Amino acid sequence: MKEFEHEELEEATHNYSRSHLIGKGSHGCIYKATLKNGQMVAIKTPSLGLCKLQDTSKIDNEAHILSSFPPNRFLVNLFGTSHDSAGHRVLVMEHMPGGMLHDLLHMTIGGSSPPSWCKRATMAVQIARAVQFLHDSKPVVVHRDIKSENILFDSKSNARLADFGLAVCINSPSQQVDSVSLPAGTIGYLDPCYTTPCKLSTKNDVFSFGVVLLEIISGTKAIDVSRDPASIVEWSKGLIGKNQIMEICDKRVKMPRHMEDRIRNMLVLAIQCVSSDEESRPSITEIVTKLERFRFTIWGDKIKSLVLLKSRKKLASNMSATTTNTVVATTLGGHISVTRRKILLREILTGTVLLH
């Protein structure tokens with residue numbers, strides 16, 4: 001793993017100026033910087049509070065986890081590390097200019113609109129693939145803090161999983177870990193079954209992913225005190241129990257009729273992920289397989305719709321030309337055919353005629 005000169009990082013951030021600060025959490029601060037070679041990066045430093053407590057375990061753990069992975073398109077990759085004057089580790093990582101999923105779903109920045117349904121289906125697959133990468137690793141890695149704030153977007157709007165401060169390596173999905181690895185995560189996303197170290201498994205991440213999937217579909221937060229119940233999991237289960245499954249969907253974005261079944265299937269999958277019965281939750285591989293099928297079906301339906309629309313426009317154009325010819329003919333013999341063609345043309349343009 002590359003060791004960067006800390007003087008270069010200080011210079012690139014103007015000594016960690018607030019003007020370069022782009023993110024802040026309980027574990028650390030993120031600064032945007034341009035290195036001497038022109039490369040744009042994100043620099044992560046431990047928070048002042050943790051430094052005072054001499055607890056840099058989260059940063060150290062993230063460096064350990066990420067350095068064990070080859071560069072990949074599912075995670076926010078680590079370029080290298082450095083050490084500040086006090087000896088605290090600093091991470092040099094990929095810069096994600098697209099922001100975080102949490103803001104994309106819950107904030108209207110500069111009048112931007114919420115993501116489309118096709119975009120939501122795509123990001124769901126990308127996030128699931130990131131989790132699958134961790135669970136397929138050897139040793140298996142459990143992230144333990146999957147949430148919308150830890151999902152960032154690159155310059156091509158691809159979703160990436162970030163923040164591995166709480167991640168744990170285990171040799172098998174159900175292996176007990178050291179007793180010091182206490183259950184951790186974020187309220188609202190944390191698996192209620194994960195109560196002791198021995199309860200750590202990949203199914204904990206599946207639960208958290210299910211919460212994120214509900215968040216993507218509903219456009220509402222994991223915990224919202226203005227909602228009754230406040231938990232997105234309990235709120236969603238309540239609506240499904242009343243057979244109001246589509247009421248969960250984000251009302252800010254109109255859903256095309258051809259996508260209703262696909263989104264319904266995604267909701268069912270999300271509810272399976274957050275089941276109180278761990279054994280009944282699907283594996284992340286099963287989740288990826290189903291989401292891929294939903295996504296490609298959505299795109300297939302969209303292509304069909306575009307083809308049908310093009311066919312209608314072409315036929316409408318032909319009918320318009322035919323109608324013009326018939327109008328000329330009416331000067332010689334009646335207008336019945338003109339009226340019929342106008343009615344048919346109107347039906348085509350409004351989409352009420354089925355074309356075979």
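**Pockets, a helix and a cavity**

Author: β2 (21-24), β3 (28-34), β4 (40-46) and α2 (48-52) each give at least two residues to the lining of the second largest pocket. Helices (H or I, at least four residues) and strands (E, at least two) are DSSP runs numbered from the N terminus. This is a predicted model: local features need pLDDT of at least 70, side-chain atom pairs count only at pLDDT 80 or more, and totals for chains, interfaces and linings use all residues. Residues are numbered from 1 along each chain as its sequence is written, and side-chain values use heavy atoms, leaving out hydrogens and water.

Reader: What volume does the second largest pocket have?
Author: About 320 Å³. A pocket is an open set of points on a 1 Å grid over the protein atoms alone, with protein on both sides within 12 Å along at least five of seven lines; a cavity is a set where a 1.4 Å probe fits but cannot get out, and lining residues have an atom within 4 Å of a point. Volume is the space filled by probe spheres set on the points, which are joined across faces, edges and corners.

Reader: New topic: which residues of helix α3 are buried?
Author: In α3 (residues 57-67), they're I59, E62, A63, I65 and L66. Buried means under 20% relative accessible area (1.4 Å probe, protein chains only).

Reader: And what volume does the largest cavity have?
Author: About 40 Å³. Among the residues lining the largest cavity are R144, Y189 and D205.

How values were computed
Buried means under 20% relative accessible area, exposed over 50%, partly exposed in between (1.4 Å probe, protein chains only).
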